[in-house]
Amino acid sequence: RLAELAGEPVPLLAQLPVSVRLRQGSDAGEPVVLTEPSDSAAAAILRLADQLATEPNGLQGKRLKLQS
């Protein structure tokens, strides 16, 4: 729906693998990227963060045709 409103494709940012350490860390309020950086979910989150840090603003400042 966002792609339709924006008038352009909205790419999938990432897919996170299911991870016991990710779930446990989320339940405990402990980021898996800090407690278990070698976990596959942590690696995917870090790749996403790197990707977002180097991309332009995307839809920031663009008017979307939202109806209330």
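Arg 21 counts as partly exposed, with a relative accessibility of 43% (buried means under 20% relative accessible area, exposed over 50%, and partly exposed in between, using a 1.4 Å probe and protein chains only). This is a predicted model, where local features need pLDDT of at least 70, side-chain atom pairs count only at pLDDT 80 or more, and totals for chains, interfaces and linings use all residues. Residues are numbered from 1 along each chain as its sequence is written, and side-chain values use heavy atoms, leaving out hydrogens and water.

So who does Arg 21 pair up with? Its side chain meets that of Glu 36 in a salt bridge, at 3.7 Å from N to O (that is, a side-chain nitrogen of Lys or Arg within 4 Å of a carboxyl oxygen of Asp or Glu). The pair ties together distant parts of the chain, 15 residues apart: Arg 21 sits in helix H2 (residues 20-28), while Glu 36 is in the loop between helix H3 (32-35) and helix H4 (40-54). Glu 36 is partly exposed too, at 28%.

By this rule, the count is two salt bridges. The other joins Arg 23 and Asp 27, whose closest N and O atoms are 2.9 Å apart. These two are four residues apart in helix H2, so about one helical turn separates them. Arg 23 is partly exposed at 46%, whereas Asp 27 is exposed at 58%.

Now zoom out. The protein has four helices and zero strands (DSSP runs, H or I of at least four residues for helices and E of at least two for strands, numbered from the N terminus). Of its 68 residues, 13% count as buried.
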